[in-house]
Each structure stands twice: as structure tokens, then as C-alpha cells.
Amino acid sequence: MRKFLNKYIQNKYVKKIRVLINYKPKPVELKNINESYSVSDAFIWRTDKGFNTIFKFKDIPNFFYNINSSAHISFFNKENMNIKNISFKELSNINELQINQKFLNNIKDYGTFYIYHKSKFKKNLNIILSNRCYVGYYKNNQLPCYVHGNTLVKSFGLNSENFYSNFVQKSPLFEQNYFIQNNFFYFDKTELCICNPTSEKIIFKINSQKYELMPWNMKIIEQKKNVKLINIKSKCLFLRPIIFNYKNEFFDVYHG
């Protein structure tokens, strides 16, 4: 009986109905595709306000599957315009990339980037690779403050140029409340870095203030001092921000 119910619950049409009627909807749904693919979070780079960004990632295909691969990283500005692409043809166990104004041709701003693995392996496997990685942020000569991947957003075939997206689900009818589990009252300032993880425009509210984001765009929204609780309301089922908290000359970064 339990096996039957599990199979029924996992049916793709049942999942769509659950999202439609808001009955325990699954916020993030990996696609059942007949090929291996590499899926990436929307990582955030910052060169604004004196920030530098450092990106560290592991050779996941070799570590788990003994597969040789290359890594390709695409950089976008906050309006999702592609501004740079780089490749790591030969990977080390741990790989590191410094992202600063010089690297981005003197751009002083913020945006997103994505990492995809590519391989010509011939093993009879359908692999879903998700390299969650770590991104660090620092100013001057401070030690970086790190946060790992936040939301699965874009994907390419591991051995093809097939593109996939919309892993995060949207409800056509019901808004979801996302309460960030922190008390922000004692910080000097809080910044919410929010990326639209879908290919459609989304509308959301932060403590009743309305915003909108075009497909795969991102925005840094500042919350002033004396705000205690932060609630994000949206029909996007997983609109989780990267958060920067500031107190005097110190800052911390984490996902909500």
C-alpha cells in the first residue's frame, strides 16, 4: 500500500495538482530527463561597495564517478546579460577563482554566475550533477565570509548543449510566506540578495513592500535598521535570499 501511495504521490500530474491546490507542494523539482545534466545554483558576485568575491569548487564528477570533465562558468549582470565566460579545461581537486573589478573589466556592480561541468564520458548513466560550491565575500584584506549554493536555477546537458531551467516551482494561485529565521533589529543594516530562479517575471513582497523581477534577474534590497522580522511573500515557491548583515565595521553572509 505504501509503495502504491508513494508512486501515486510522485506522479508528475499529481505533483502539478499539489502545486495548484497548495497541498504540500514540492518547491524544487529536478527534471526527469533521459540524459545526464549539470545543474547550477545562481551564485552571486559582488564588486560593488568595495567587495571582492572568491569562488571555490570541487571536481565533483571525478570525485564521485571517476569521470574527467571540464568546468564552464558564465557571468551575468543583474539584468541577466551575459558579460563573461571562462573555462577550466583541467580541474584540480579544489579549484579557486578570484572575482574582482579587474577580472570583470572594471565593472563595479553585482550579478550572478553559473557553473556547468562538461564531459564526453560514455558510461551508461543518467547523472544529475549539482556542484553547490562556496562563494566568499571580503573587503580590503579581511578574511572572506563564505556561503554555499542557494537555489538550483540553470542547467546544461553533461555531454550536450541542451538547456534546462525552471527547477523552482510557481503556484498559479497561492502565495507562499517565507519567514527568515533571524532577528534583524540589532543590525545596522541588512541586504537581501534575491534572484528570480524562473524564466518568467515574478512579483513578490518584503514586509508588504512590492517588488518585481524579470527572468533570472537579481536585486539587492536594503532593509533599514530597526526591522525585526522579514517575511517574503510570493507565488514562487522557493524565493530564498542570500543575506548580508552589517554591524559596525563587520558583516556576515548566509542564506535565509
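An open sheet of four strands, arranged in the order S13-S18-S15-S16 with antiparallel pairing, is present in this predicted model (strands being DSSP runs of E of at least two residues, numbered from the N terminus, and pairing requiring at least two DSSP bridges between two strands). Strand S13 (176-179) and strand S16 (209-213) form the edges, each pairing on one side only. From one strand to the next, the twist averages 25°, with axes fitted as lines to C-alpha atoms and angles running from 0 to 180 degrees between N-to-C directions. Five bridges join strand S15 (residues 202-206) to S16 in the antiparallel sense; Phe204 has Tyr211 of S16 as its bridge partner.

The largest nonpolar core comprises 39 residues, with Phe55, Ile73 and Phe75 making the most contacts inside it. Such a core is a set of buried Ala, Val, Leu, Ile, Met, Phe, Trp, Tyr and Cys residues joined through side-chain atoms within 4.5 Å, where buried denotes under 20% relative accessible area with a 1.4 Å probe, protein chains only. Strand S7 (residues 110-118) supplies the largest share of this core, five residues. A second, separate core of 19 residues includes Ile180, Ile202, Phe204 and Tyr254.

Overall, the protein has three helices and 20 strands (helices being DSSP runs of H or I of at least four residues). Of its 256 residues, 49% count as buried.

Residues are numbered from 1 along each chain as its sequence is written. Local features need pLDDT of at least 70, side-chain atom pairs count only at pLDDT 80 or more, and totals for chains, interfaces and linings use all residues, while side-chain values use heavy atoms, leaving out hydrogens and water.

How values were computed: Buried means under 20% relative accessible area, exposed over 50%, partly exposed in between (1.4 Å probe, protein chains only).
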